[in-house]
Amino acid sequence: MKKILSKSIQILFLTLVVFAFTGCLKNDDLMTDGVRTGGLIKPSGNIPYKLGSTPTVNISITVPMGAAITSIKVYKTFYHAATETTSNEVLHTTIDVAGANASEALVKSLSLTWADLLTGLVVTGYTIPADEMLSDIGDVFTFRYVMVMASDGMDIFS
């Protein structure tokens with residue numbers, strides 16, 4: 001009986017010590033403090049450009065229903081594989097959404113020609129050929145999408 005009472009007192013004491021040191025801790029939510037939601041889009045994945053037989057490249061951008069997006073800024077860069085250099089990044093276009101995705105999902109499209117892809121891009125030590133047939137195998141155009149949210153006018157990067 002004495003042993004059981006001694007064990008009970010020890011467990012009670014340890015429980016009180018644990019509560020004494022943890023009872024005043026705040027439940028800080030550092031993961032979602034100041035979180036912004038929305039801005040989800042789904043552009044077409046990798047799109048092959050077949051030299052000489054692709055007059056236009058069509059990029060489909062799906063904007064699911066959700067937090068209202070004002071516009072989508074589309075930035076582009078060029079990577080030259082032979083010299084492993086990347087061009088400057090330029091704003092190619094801004095696609096107006098005007099918050100239409102708040103009530104229903106929508107699809108926006110972007111059609112590009114070779115000349116559209118080249119506009120504004122500069123690669124140090126290399127000139128992107130105006131004739132697509134002179135392009136090197138492995139060269140890549142990359143697009144980055146930035147959503148401007150209707151709620152605060154701030155950008156969300158994708």
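Is Ala98 buried or exposed? At 57% relative accessibility, Ala98 counts as exposed, where exposed means over 50% relative accessible area, buried means under 20%, and partly exposed is in between (1.4 Å probe, protein chains only).

What you're looking at is a predicted model, in which local features need pLDDT of at least 70 and side-chain atom pairs count only at pLDDT 80 or more, while totals for chains, interfaces and linings use all residues. Residues are numbered from 1 along each chain as its sequence is written, and side-chain values use heavy atoms, with hydrogens and water left out.

How confident is the predictor? pLDDT is its confidence in each residue, from 0 to 100. The chain has a mean pLDDT of 84, with 82% of its residues at 70 or more. Confidence is highest in β5, at 95, and lowest in strand β8 (residues 155–157), at a mean of 64.

Now for the layout. There are 2 helices and 8 strands in the chain; these are DSSP runs numbered from the N terminus, with helices being H or I of at least four residues and strands being E of at least two. Walk along from the N terminus and the elements go α-β-β-β-β-β-β-α-β-β. Of the 158 residues, 27% count as buried. The accessible surface comes to about 10700 Å², and 62% of that belongs to carbon and sulfur atoms (Shrake-Rupley method, 1.4 Å probe; for residues, only the protein chains shown count as cover). As for contacts (heavy atoms within 4.5 Å), take those between residues at least 6 apart in sequence: 64% of them join residues at least 24 apart.

Val57 gives a local example. This residue is found in strand β2 (residues 57–63) and counts as buried, at 9% relative accessibility. Leaving aside neighbours within four places in sequence, Val57 is in contact with Ile47, Tyr49, Leu110, Ser111 and Leu112. Val57 and Thr113 are 56 residues apart in sequence, but their C-alpha atoms are 6.3 Å apart in space.

Next, hop over to helix α2, where Leu117 is found. Leu117 is buried too, at 4% relative accessibility. Beyond neighbours within four places in sequence, its contacts are Tyr49, Lys76, Leu112, Phe141 and Phe143. Its C-alpha is 8.7 Å from that of Phe78, 39 residues apart along the chain.

What about the aromatic rings? Rings of Phe, Tyr and Trp (its six-membered ring) pair if their centres lie within 6.5 Å; planes under 30 degrees apart count as stacked, over 60 as edge-to-face and the rest as tilted. By this rule there are 3 aromatic pairs. One of them is Trp114 with Phe141, edge-to-face at 5.6 Å centre to centre and 90 degrees between the planes. This pair links distant parts of the chain, with Trp114 in helix α2 (residues 114–118) and Phe141 in strand β7 (residues 140–149), 27 residues apart. Both Trp114 and Phe141 are buried. Together with Phe78 and Tyr126, they form one aromatic cluster.

Finally, back to Ala98, which lies in the loop between β5 (90–96) and β6 (106–112). Most residues other than glycine have a negative phi. Ala98, though not a glycine, has a positive phi of about 55 degrees. Glu84 also has a positive phi of about 55 degrees without being a glycine. Glu84 sits in the loop between β3 (69–80) and β4 (85–86) and is exposed, with a relative accessible area of 62%.

Notes:
pLDDT is the predictor's confidence in each residue, from 0 to 100.
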